[in-house]
Amino acid sequence: METVLAVLCGLMAAASIYLMLSGNIIRFIFGLVIATNAVNLLIFVAGRLSSHRPPLIADGSSVPVGEVANALPQALILTAIVIGFALLAFVFILFYRTYESLGTVDTEKMRFAEPVEGNEALGADNSKGSGA
Amino acid sequence: MGVSLKHRTEWIVRASCILPLVLFLGACAMVPAMAAGESYRLSISWIPALGVNLSFMLDGLSIFFALIISAIGFFVTIYAVDYLHGHRDTGRFFIFLHAFMISMLGLVTADNVIALFVFWELTTIFSYLLIGFEHEEEASRKSARQALLVTGAGGLALLVGFLLLETISGTYEISRMVPQASLIGAHPLYGAVLALIFVGAFTKSAQFPFHFWLPNAMAAPAPISAFLHSATMVKGGIYLLARFHPILGGGGAWTCTLMIIGAVTAVGGSILAMGQSDLKKILAYTTITALGIMTMFLGGKTTPSLTAAMTFLLVHSLYKSALFLVAGIIDHQTGTRQLEKLGGLLKFMPATAFAAVAACLSMAGFPLFFGFIGKEIMYKGALAEAMCPELAAGAAVLSNALMTAVGGILVVRPFLGRPVGYQAPVRETTFFMWCGPVVLGGLGIIFGIVPDLVGHWLVGPAVHAFHFSVEDIKLSLFHGINEPLLLSIMTLTLGVGFYLAHRRLFQWINAAAEKIPVTADRVYDGCVGSVARLGRLQARIIQNGSLHRYFFIVAATFLFAVGYGFLSRAQAFPEVMPPLLAWREWLLVIVISAAVITVLVTRILLLAICALGVIGAGLAIIFLTFGAPDLALTQLLVETLTVVIVSMILLRLPGLGSQARNHRGRRLFDALLAAGTGILVTTLLLALLSTEMDRSITAFFEQNSYLAAHGKNIVNVILVDFRSMDTLGEIIVVATAGLAGYALIKKRGSG
């Protein structure tokens with residue numbers, strides 16, 4: 001199972017990168033969601049899928065009896081899921097506001113901070129100021 | 001109120017002349033002790049672990065410089081109050097001026113080379129601020145930046161030189177380096193140290209080929225030119241050479257370099273001075289000449305040669321600061337500094353004219369003036385030199401003759417001759433402005449009458465501080481009929497000749513200057529321009545404003561850096577276990593993969609959102625299957641919320657449309673990068689899985705979860721107990737994201 005899940009992790013990583021490179025912020029968000037999931041799965045698999053039994057301690061005993069699943073990666077992933085969700089929620093709102101302000105979902109057309117035409121003109125001005 | 005405030009500012013800055021006055025009197029009080037050959041050290045611990053201390057040493061040389069700095073600082077301060085009358089930045093000007101003066105005094109008294117470097121750079125910075133004082137003019141800003149870059153770069157070279165000196169001698173204290181001179185001279189790094197310290201000194205003291213910044217620095221107000229760019233800061237390099245003379249001055253490389261560079265600078269500067277028509281430019285080029293002469297004589301090793309350097313330094317500081325102040329007065333009263341627009345000022349400005357005549361005669365080296373003494377000792381020093389005395393004497397005669405001619409021009413053209421038509425009636429300036437040049441020019445006469453006193457109290461202790469010989473230093477007016485006198489006569493004759501021909505020389509020099517293809521100024525412009533071009537080029541490549549470009553660089557860096565690190569260390573390809581899966585597991589993996597591919601290819605927004613939900617839910621089932629019910633629960637909850645929010649927000653956006661990528665090539669590269677990263681992730685994970693699992697940390701939690709923390713759900717215990725601070729951090733992240741999101745939505749509401 002680990003081997004197959006490792007391949008699935010790779011597939012999800014590749015898909016997320018391809019989506020984030022697409023230049024459309026909606027696809028970028030999809031890529032981000034998949035990347036979050038891919039990393040969680042990666043941590044989970046890296047902790048080995050050694051047992052189907054959850055890491056619980058039975059009543060009457062002070063330590064788990066028999067082999068239980070690895071608790072450490074579970075704790076890490078639990079944190080990661082929540083933080084990932086917080087990040088996603090923020091990014092959703094941010095992108096939505098960006099769309100509202102700039103009127104496009106194409107990141108190549110979002111040139112408010114780094115304008116294409118102005119960039120050249122600005123550069124030429126700078127060179128005049130410092131070079132002449 | 002504005003008027004009274006300005007009035008008050010003027011009185012405060014006028015009162016600030018007390019500072020240089022007190023410093024001057026303090027330095028005067030030290031003179032007898034210095035003449036007796038004493039020196040004082042004071043050390044304040046600064047960074048003791050590195051051997052860097054704020055240590056100062058007062059000896060003949062530093063007091064000599066301190067006297068010049070504080071005396072000229074005093075006259076410049078009172079002069080500048082009236083010069084800047086009504087200027088809105090008067091207060092700032094005087095803060096910079098006095099800060100510069102303190103830095104300069106620190107520079108000439110520092111014993112620790114690191115402290116010296118700090119003061120050195122401080123003078124550079126204040127020089128930058130003062131050259132650029134009229135910061136609204138582009139020429140000012142450009143000149144200020146040029147001076148900063150040239151002298152700042154020299155300062156960095158100097159720092160490296162100092163650090164090398166420390167590795168050789170094991171100390172940062174100059175006074176402790178002196179006894180190790182022979183060790184330093186024999187060290188293989190001696191050449192590098194020498195070159196670096198020369199670069200520092202030459203940039204500061206405007207030696208060829210770094211001379212070009214000084215004439216441009218004339219954009220500064222006249223009192224600044226008088227103070228920084230003739231009398232004090234540009235002599236910082238000369239001071240450095242004198243200070244390190246006993247440490248580095250043993251070899252032939254020292255003498256040769258300084259003689260040649262000094263001679264080239266001296267002659268070149270004086271020739272260029274003849275080609276100028278702006279009063280301040282003329283003075284700037286003759287300053288370069290003077291600095292060249294001092295450098296040349298510091299290359300020597302004999303007492304007369306070094307005495308010549310120090311005497312001339314004093315001569316030059318007096319007459320040149322006086323002349324700069326006179327130039328400022330002329331500019332201030334007539335509105336021009338161009339020679340051809342001036343004439344007949346003697347009638348209107350007698351006091352200024354007196355100062356100018358006295359200073360020019362000292363510069364021209366007429367007998368009875370201090371300049372004459374300086375010239376005599378110069379020729380004596382040149383002839384006493386073991387290494388090529390003809391070169392030194394020749395360069396000195398030629399540049400002195402040209403300076404004589406310049407002195408003639410500066411007296412005759414603005415002050416004598418017929419008055420030209422001035423726009424407004426020209427009046428003598430205020431007492432505060434003319435008293436400085438009159439006193440400084442007058443000192444040229446007084447020192448010329450009592451040269452033996454000057455030699456005994458000022459020049460002698462200065463020379464003995466860095467030249468340890470028992471030879472007495474005597475300055476006198478008349479040495480008898482000998483070679484120096486003959487050279488002096490020759491200089492004056494030549495100088496008169498140059499003066500008579502100066503209009504023709506002016507044309508020749510300017511015609512010749514136009515034909516020179518490469519000048520240091522243009523090389524500087526080229527260098528600065530190419531830095532700007534390089535910056536623009538790299539911004540265009542890596543910071544072009546495209547998110548795609550940025551993300552591509554990040555992902556490619558990950559792929560190549562991690563991939564290279566992995567491949568260079570991997571012993572063998574990870575062993576792949578043949579998958580033995582139940583059909584339910586196969587089904588699960590296939591469904592998730594299909595959902596991922598659906599998100600990749602679909603153009604239907606709702607389908608993509610559903611597929612995302614499938615991926616999240618699939619992961620939850622994987623967690624559930626392999627003993628992680630808590631994860632599964634959280635994952636399902638979050639995934640549901642994500643789908644809801646995504647639907648809410650994304651359905652308001654336009655659809656996915658077609659792929660935004662226009663080029664096929666770009667799509668191919670993106671796909672290759674993505675596939676490569678995916679393969680790398682899979683390989684890394686497989687490699688990890690083929691290693692032995694270390695469960696010791698998990699074992700600790702398993703053992704202690706109930707016994708220490710009284711919880712039976714180990715995952716929960718880790719989160720809320722063992723790693724509770726991490727969980728607190730997580731909550732803070734969530735809260736911050738919530739607040740930030742709220743702020744974004746709220747902003748829209750308030751417009």
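This is a predicted model: local features need pLDDT of at least 70, side-chain atom pairs count only at pLDDT 80 or more; totals for chains, interfaces and linings use all residues.

Biologist: Is B:His710 buried or exposed?

Modeller: B:His710 sits in the loop between α31 (696-709) and α32 (714-722) of chain B. Its phi is near 55°, a positive value in a residue other than glycine. Because B:His710 has 10 C-beta neighbours inside 10 Å, it counts as exposed.

Biologist: How many other C-beta atoms lie within 10 Å of B:Leu368?

Modeller: B:Leu368 also has a positive phi, near 80°. The loop between α18 (350-364) and α19 (370-384) of chain B holds this residue. B:Leu368 is partly exposed, so its count falls between the two cut-offs. That count is 14.

Biologist: Which peptide bond is cis?

Modeller: Look in the loop between α9 (190-204) and α10 (213-216) of chain B, where B:Pro209 is found. Omega there is near 5°. The cis bond runs from B:Phe208 to B:Pro209.

Biologist: Leaving aside neighbours within four places in sequence, what is B:Met294 in contact with?

Modeller: The largest nonpolar core has 189 residues, and B:Met294 is among those with the most contacts inside it. Beyond its sequence neighbours, its contacts are B:Ile238, B:Ala309, B:Phe312 and B:Leu313.

Biologist: How many residues has the second, separate core?

Modeller: Its members include A:Ala38 from chain A. Chain B residues are in it too, among them B:Leu600, B:Leu612 and B:Ala628. The core has 87 residues.

Definitions and conventions: Residues are numbered from 1 along each chain as its sequence is written. Chains are lettered from A and ligands numbered from 1 in the order in which they are written. A nonpolar core is a set of buried Ala, Val, Leu, Ile, Met, Phe, Trp, Tyr and Cys residues joined through C-beta atoms within 7 Å. A residue is buried if 20 or more other C-beta atoms lie within 10 Å of its own, exposed if 12 or fewer, and partly exposed in between; C-beta atoms are placed from the backbone. Two residues are in contact if their C-beta atoms, placed from the backbone, lie within 7 Å. Helices (H or I, at least four residues) and strands (E, at least two) are DSSP runs, numbered from the N terminus.
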